[in-house]
Amino acid sequence: MAGKFELKTAKSGQFHFNLLAGNGQIILQSEMYETKASALNGIASIQKNAADDARYERLVSKSEKPYFVIKAGNHQIIGQSQLYESEASRDNGIESVKKNGPEATIADLTA
């Protein structure tokens with residue numbers, strides 16, 4: 001099964017999305033967007049930038065857990081991963097975004 005983006009509406013009325021791997025696990029989540037169009041632009045940016053390793057920033061949280069963010073060409077963060085138990089797991093997450101992101105379909109759950 002291929003990856004997919006799930007576009008959702010938050011309780012606040014804002015929009016956000018998750019990128020799911022083929023197994024249904026969330027591998028990336030977005031920030032909140034004021035409009036659906038902005039969230040769709042965020043998805044398009046992930047699709048465009050996912051394959052470029054230079055767009056990923058590998059980080060460590062305050063609790064010493066590895067995670068990553070993906071940035072657009074303007075250096076703005078467009079997605080963030082979960083916290084991982086190891087750097088190897090984080091790197092696998094990045095590879096999953098690279099694999100799933102460019103071709104992932106969009107499931108619009110806002111209706």
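**The whole chain**

Start with a cartoon view: going along the sequence, you pass β-β-β-α-β-β-β-α-β, with helices (H or I, at least four residues) and strands (E, at least two) taken as DSSP runs numbered from the N terminus. That comes to 2 helices and 7 strands. The radius of gyration (over C-alpha atoms) is 13 Å, close to the 13 Å that the globule rule (2.2 Å times the number of residues to the power 0.38) gives for 111 residues, so the chain is as compact as a globular protein of that length.

A quick note before zooming in: this is a predicted model, where local features need pLDDT of at least 70 and side-chain atom pairs pLDDT 80 or more, while totals for chains, interfaces and linings use all residues. Numbering runs from 1 along each chain as its sequence is written, and side-chain values use heavy atoms, leaving out hydrogens and water.

Now colour by burial: 41% of the 111 residues are buried (under 20% relative accessible area, 1.4 Å probe, protein chains only).

**Next stop: Pro66**

Select residues 66-71, which form strand E5, and pick out Pro66. Is Pro66 buried or exposed? Buried, with a relative accessible area of 5%.

Which residues does Pro66 touch? Leaving aside residues up to four places away in sequence, its contacts (heavy atoms within 4.5 Å) are Leu59, Val60, Gln82, Leu83, Tyr84, Glu85, Ser86, Glu87 and Arg90.

Methods:
Buried means under 20% relative accessible area, exposed over 50%, partly exposed in between (1.4 Å probe, protein chains only).
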